[in-house]
Amino acid sequence: MNKPVYPFREIGIGHYPMGNSPVTPEDSKRLPSMMNLNHAAPSSKLVYVHIPFCDSICPFCPYPKAFNEQTARQEYLTALFRELEMYGSAPQIRNCSVEALYIGGGTPSVLDEEEIMALFEQLQATLPMHNIEEITFEGNPASFTAAKLKLLFALGVNRISLGVQTFNDELGRRLGLLQTSEDSLRTIQQSREAGISNVSLDLMYNLPGQSMEEWLEDLEKVVELGIGHVTLFPLKIIPGFGLAKRIASGELPACGDLALEQQMYYEACRYLESQGYAVESTYDFVQPGGHHIYSRKHFDDHLDLLSVGLGAFGEVGGYAYQNVKLLPEYVKKITSGELPVSLGYQVTPEDLPNQFLAMGLRRTAIDRQLFRRKFGTFPEEHFPELFDKFVKAGLVEIREETIALTRFEGLFWGNNVCKEFCEEHIKIAFPK
Ligand SMILES: C[S@@+](CC[C@H](N)C(=O)[O-])C[C@H]1O[C@@H](n2cnc3c(N)ncnc32)[C@H](O)[C@@H]1O
Ligand code: SF4
């Protein structure tokens, strides 16, 4: 590997800008006006619902989550339903049209059938969902059952996102995964039998001691199973987390260096493309027909994102926000009649060119002419130094109609490129 362009790979941004200023109790009362919730003009929205519970807490995972326990789950769902009511009673939300819904986690599949039914009843009661194109329900192969999948299909779910991580049970054991490859295969089959053929898998790579052959075997399995959408995450070792400690103590083999991670990524791109997949984002690969509608409407079209639940982040009516991350605080705020927002930011017109590029390039290419129509100049004129650097480093290609991440160097560093358009506090690079 030549000298790397950046010292570390960044993790992908979920949204830009992000809420960043603490919301005081005083601000809290003004949240509905900051989000323009009383504004009744029709709008299109995306909705994200966070279900934080997991049956086991994986020793590598940084996402907002909590141990799955029935009392906590019931208390949480009561609060979540109340949060949905608070938004659903506002004119802006009553007059919107929800185009895609993502129920993510944590592990939504730990909900039991009664809870799943109650959640969908509440969503139908509080949000205008009549024009919805896609409903994704995320989960873990260890907690999906045939009955839950049939119920989800009946409730309108048309996409399942499964956290498989690897089909190799020895690597799964090193990661401390609950599920086995048998669970993953069973869930994929049961999902199809239930009528949900659109199944997306999460795989991680550069796992402790993982060889290139083992990585390619995981990818071959994806192809053999005819999976239409796959998300490939390079494993991030988070300092202080259980997995980092087990590697440091020698209990587990180390992960490969950046050069191996790059080789693994390039091999994945070549192999998946040879099997008919296209690159959909800096993480995602897709077969014809497997496109993720929510992702396109979020990163390309910048639809408002109404996010509810613990730690969820979104943007509504020009206000970017993030919910509190601790369960007791979440429940407490909602019980006292407040929206559970802890960080907020009023998006300004000056942020929009940055948002266009930071979010759009995550989907690997942006419409250069559309940028000029919106903001008056081409992206490379708006950010001359950055684009000069990217072009010199071979990370982006400027064409007449589009600006695209290069194959595969630009794709490999794509999340770093996106974050160059963001403020410093958004950049969270973990050393491997
Ligand atoms: C928010 S999790 C939800 C998936 C679901 N709970 C499950 O694990 O089955 C989304 C994905 O993030 C990825 N992920 C979690 N921790 C990671 C880490 N430290 N590095 C890279 N990817 C990670 C995993 O692939 C996981 O499936
Ligand atoms: S990877 Fe999934 S199951 Fe594991 S802790 Fe994270 S959210 Fe929970």
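Of the 432 residues of the chain, 45% count as buried, where buried means that 20 or more other C-beta atoms lie within 10 Å of the residue's own, exposed means 12 or fewer, and partly exposed is in between, with C-beta atoms placed from the backbone. This is a predicted model, in which local features need pLDDT of at least 70 and side-chain atom pairs count only at pLDDT 80 or more, while totals for chains, interfaces and linings use all residues. Residues are numbered from 1 along each chain as its sequence is written, and chains are lettered from A and ligands numbered from 1 in the order in which they are written.

**Overall fold**

- The chain's secondary structure comes to 18 helices and 18 strands; these are DSSP runs numbered from the N terminus, helices being H or I with at least four residues and strands E with at least two.
- With a radius of gyration of 21 Å, close to the 22 Å that the globule rule gives for 432 residues, the chain is as compact as a globular protein of that length. The radius is taken over C-alpha atoms, and the globule rule is 2.2 Å times the number of residues to the power 0.38.
- The C-alpha trace spans about 55 × 55 × 40 Å along its principal axes.
- Among contacts with a separation of 6 or more, 76% are between residues 24 or more positions apart; two residues are in contact if their C-beta atoms, placed from the backbone, lie within 7 Å.

- The domain assignment gives domain 1 (21–346) and domain 2 (351–422), with bounds that come from an automatic or database domain assignment.
- The centres of domain 1 and domain 2, taken over C-alpha atoms, are separated by 26 Å.
- Domain 1 brings 10 residues to the contact and domain 2 brings 11 residues.
- On the side of domain 1 that touches domain 2, helix H10 (258–274) and helix H11 (293–300) each supply at least two residues, and H10 gives the most, with four residues.
- That side of domain 1 has five nonpolar, four polar and one charged residues. Here Ala, Val, Leu, Ile, Met, Phe, Trp, Tyr, Cys and Pro count as nonpolar, Asp, Glu, Lys and Arg as charged, and the others, Gly among them, as polar.

**Ligand surroundings**

- Ligand 1 has 18 residues around it, of which Asn140, Gly163, Asp202, Phe233 and Lys236 come nearest; a residue is near a molecule or strand if its C-beta atom, placed from the backbone, lies within 6 Å of it.
- Strand E7 (159–165) and strand E8 (199–205) are the elements that give two or more residues to the shell around ligand 1.
- The shell around ligand 1 has nine nonpolar, six polar and three charged residues.
- Around ligand 2 are Cys54, Ile57, Cys58, Cys61, Tyr63, Lys65, Gly105, Gly106, Thr107, Asn140 and Gly163.
- By class, the shell around ligand 2 divides into five nonpolar, five polar and one charged.

**Strand E2 and its partners**

- Strand E2 (residues 43–51) is mostly covered, with seven of its nine residues buried.
- E2 pairs with strand E5 (residues 96–105) in the parallel sense over nine bridges; two strands pair if DSSP finds at least two bridges between them. One of these links has Ser43 with Cys96 of E5 as its bridge partner.
- E2 also runs parallel to strand E12 (residues 304–308), joined by five bridges, and Val49 has Val308 of E12 as its bridge partner.

**Around strand E8**

- Ser200 lies in E8 and is buried, with 20 other C-beta atoms within 10 Å.
- Leaving out residues up to four places away in sequence, Ser200 touches Arg159, Ser161, His229, Val230 and Thr231.
- Ser200 and Arg159 are 41 residues apart along the chain, and their C-alpha atoms are separated by 7.4 Å.
- In the loop between E8 and helix H8 (212–224) lies Asn206, which has a positive phi of about 60° although it is not a glycine. Asn206 is buried, with 22 other C-beta atoms within 10 Å.

**Other backbone features**

- Asn36, in the loop between helix H1 (25–34) and E2, has a positive phi near 60°. Asn36 is partly exposed, with 18 other C-beta atoms within 10 Å.
- The peptide bond from Tyr16 to Pro17 is cis, with omega near -5°, and Pro17 is in the segment before strand E1 (21–22).
- A cis peptide bond also runs from Arg407 to Phe408, with omega near -5°; Phe408 is in the loop between strand E18 (402–405) and helix H17 (409–412).
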